[in-house]
Amino acid sequence: MSIELLIVQLLNGLQYGVLLFLLAAGLTLVFGIMNFVNLAHGSLYMMGAYFAAWAYNNPIFGIQGSFILAAIVGIGGSIILGIVVERLVLFTLYERDHLDQVLATFGLILVFNEVARFIWGPSSYYMEVPEKLSGSINLLGIDYPAYRFMIIGVGLLVALGMFLLIQKTRIGMLIRAGASNATMVGALGINIKLLNTLLFGLGTGLAGVAGLMAGPILSVQPGMGEPILIVTLVVIVTGGIGSIRGAFFAALIVGVIDTIGRVFLPILLTTMVEKSLAQAAGPATASMLIYLLMAVVLAFKPQGLFPVKHG
Amino acid sequence: MKLTAFISAAILATASATAHAQTPIKIGFVATLSGTQGVLGQDQYDAFMMVVERNGGKLGGVPVQVIKEDDQLKPDLGVQIIQKFAEKEKTPIITGVTFSNVMMAMSKPLAESGAIFVGTNAGPAPLAGPACNQNFFFTSWQNDMQAEVMGKYATDQGYKRVYGMAPNYQAGKDFVAGFKRFFKGEVVDEVYTTLNQPDYSAEISQIAAKKPDAVYVFYPGGMGVNFIKQYKQAGLLGKIPLVSTSTADGATLPALKETALGVVSGTFWGPDFDNPASKTFVAEFEKKFNRIPSQYAAQSYDAALLLDSAIAKVKGNVNDKAAFRAAVRKADFKSVRGPFTFNNNGFPIQNMYAFVVAKDARGRVNLKTIAQPITAQRDSYADKCPIK
C-alpha cells in the first residue's frame, strides 16, 4: 500500500464526507433547533437531483445542458419544494411527538418516490458532469476526477458560509436563540414561524445542493435518498444533534472511516484468514464500521461529539 | 316443468358451446414491473404483447388471454402469483420472471402446477442442473453463460491480469465464478461491494493502482449506471478495458448515453443482428415504443414466437401436456438470435457474443457486435440434469 494511494483514498473519504455534511447540516438544524424529525430529508435530496437533471436534459429558454442552469433549478426547486411541504404538511406536526413526525415524514418518502417514478420513470435518469470538469487531474501519479475536487471545494465553501451565517449574522443569532429557547424568542416579538420556515428552506436548499452535486456521479433514480439518509442520521447523532460544527466534523470522520474501511479492511483480513472468506467478510465488516463508531461515541459522549446546550 | 328444463338445458348447451369456441387460452405473465428494476419487466411485457397484438390477440391461430402480474421483486409475492395462476386462473402456460431469487422461490409451486413454463430472463444454476424440470423452458440463458462469454472474450483478447468486481450477494459471486471458468489468465483481485452501494470511488482508485489488463464487472441496473459513470470520470474508461455482464444494457444505456462508449458487454443477442427475424423485431419495436429494444425484450419476443409455433402444432389443444411439451421442445420458430435449440434441461444451446457500446448508424448510443467468442454453447450444469 503506497502513500499516494492512501492520499487518494483520503480524498475519496473527504469527498464523501462533504456530501454527507451538505445533507447533515440541514437535517441537524431542523432536528436540533425545531425539535423535528424529518425523515423526508433524503427525498428532498433526491428531488434536488431530479430537478437539476431535468433542467440539464431539457431546453429552458433555449439553453440545454448547462450545469449552472441545472444548479439554479435544482437548488431553487428544492428550496421551494421544501417550503411548500413545510407550510402544507409539516408545520402541523411541530407540536406532536417524535413518533407522529417519523410516521408522517416516512409517508412523505413513499409519496416522493412514487412522484419521481410517475414523472421520470422507474429507470435511472441521465445527467453528466459539466464538460470542463469531465477530465481527471493527475495527482502523485494517480488520476483523480476533477469533478470530485469541485464537490470537495463546494462542500468546504458551504461549511464556511454556514459558520459565518450562524455565528456572524442577525439571522444566525436568532437561530441560535431559537435553539436555546424558542418560546422566549417568540415572546420577544420575533416571528418564530417565519424563522422556522426559513430554516427549513435553508435545510432543503442544502439537500438540493447535495442532490445537484451527486447527480452527475450517481444514478438519479427513485429511492436514491434512503441509503444516504441513514448515514446522515448516523452523522448528526455522532456529531451532536443541532450542532453544525458537530455535523461537519462527524461527516468528515464518517466519510473517511467508511472509505478507508471499505478499501483496507478486506486487505487486512486477507493477511489473517483465507482469501475467499476475507473477500466476503471484508465488505460486510466495513459497512458496520460507522455504526460501531457511533456506538462508541455515544457510549462515552451520549450527547455526541459537540453537544448543543439547551436553555 | 319439463319444457323449462329443456329450454334451460338448451340454453346451457349453446352457452357452453359458444364459450368453448371463444374461450381463449390463458397465459400467466409474471415479471418485476415496478421499482428501479421495473424497466426489465416492462421490456419483457411489451415485446411479448407486441407479438400477441400483431397476431390479432392470437398465438398459434388461437385466441389468448394474457394475465399480467407484478412480483415487485419479492419472492413471497411471486409464489402467491403462481398459486393464483394455478388454482384460480388455471393457466396452462406461464411466462416471464425477471430475477433469479424470485425464480428460485417460484420453482416449486410452478413445478407442482404442471403448467408449461417459458422463462424469459432469470436462469439460475439449480434449475439447469439437479432441479431441472421437463415443463420448464428458457428463451434467455443460464446465468453463467453471460459471464462465461466474457471470460472467453478476455482470454481471446490476450488479457493476462483481470480485476473482478460485483455486488456481495449470490448472483455477484456466480458471475465472477462464471467469468473465471472461461478465463485463462489471472484474476488479480476479486472485490465484492455492498449490494446497492452508490459510490465506487474507493474501489476504482484501487483498480487504478493495480493497473490490470482489464476489469470485469457485474453491476445490474442503477449500480451499473453509478459504476460506469465513476469509472469514466476517474479517467479509466479507454485506458483499462471494461468488460461486463448486465451492466451496459438496454436498461442502463438510456441513463448513461455517451458516458458508456467503449464498455464491452456479453450476451446472446444485440439490436444490430443481421438476420430477418431480428430486423423485423427491432424495426417493429422501435416503431411501436420509440426506444431501442433491450435483450430482455428480445428474450420475451422469442418466447411469444416459441409459444406461437407450439400452440399451432397442437392446434390449440394445450391440455394435452405431452404433445404440447414436445411441440415446445421442438423450438420450431425463427429466433432473433439465429440458431436456437433446446438442451436436455430446457435451456438454449446458442452462440454467445461480445458487444461494445458505440454510436449506431442513426447516431444513437447502442450495442455493436464485435465478436462471437463461443459457438453453440451448452451451459455448464446440463450434465447434472437427470432429464436426458
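Two strands count as paired here if DSSP finds at least two bridges between them; strands (E, at least two residues) and helices (H or I, at least four) are DSSP runs numbered from the N terminus. You're looking at a predicted model, where local features need pLDDT of at least 70, side-chain atom pairs count only at pLDDT 80 or more, and totals for chains, interfaces and linings use all residues. Residues are numbered from 1 along each chain as its sequence is written, with chains lettered from A and ligands numbered from 1 in the order in which they are written.

Start with the sheet in chain B: 6 strands, open, mixed pairing, order 2-3-1-4-5-6. Pick out its edges, strand 2 (58-59) and strand 6 (136-138), each pairing on one side only. Now select 25-31 and 93-96 of chain B: strands 1 and 4 run parallel over 4 bridges, and I27(B) sits opposite I93(B).

Next, grab helix 2 (38-54) of chain B. Helix 2 packs on the sheet, touching strands 1, 2, 3 (62-70) and 4, at about 160 degrees to strand 1 (axes are lines fitted to C-alpha atoms, for helices over the stretch in contact; angles run from 0 to 180 degrees between N-to-C directions).

Colour chain B by domain: domain 1 is 24-141 + 274-346, domain 2 is 144-267 + 353-377, with bounds from an automatic or database assignment. Between them, 14 residues of domain 1 contact 13 of domain 2 (C-beta atoms, placed from the backbone, within 7 Å). Helix 2 and helix 12 (295-313) each give two or more residues to domain 1's side.

Finally, show chain A: 33 residues of chain B contact 35 of chain A. Helix 2 of chain B turns up here too, among the elements supplying at least two residues.

Methods:
Two residues are in contact if their C-beta atoms, placed from the backbone, lie within 7 Å.
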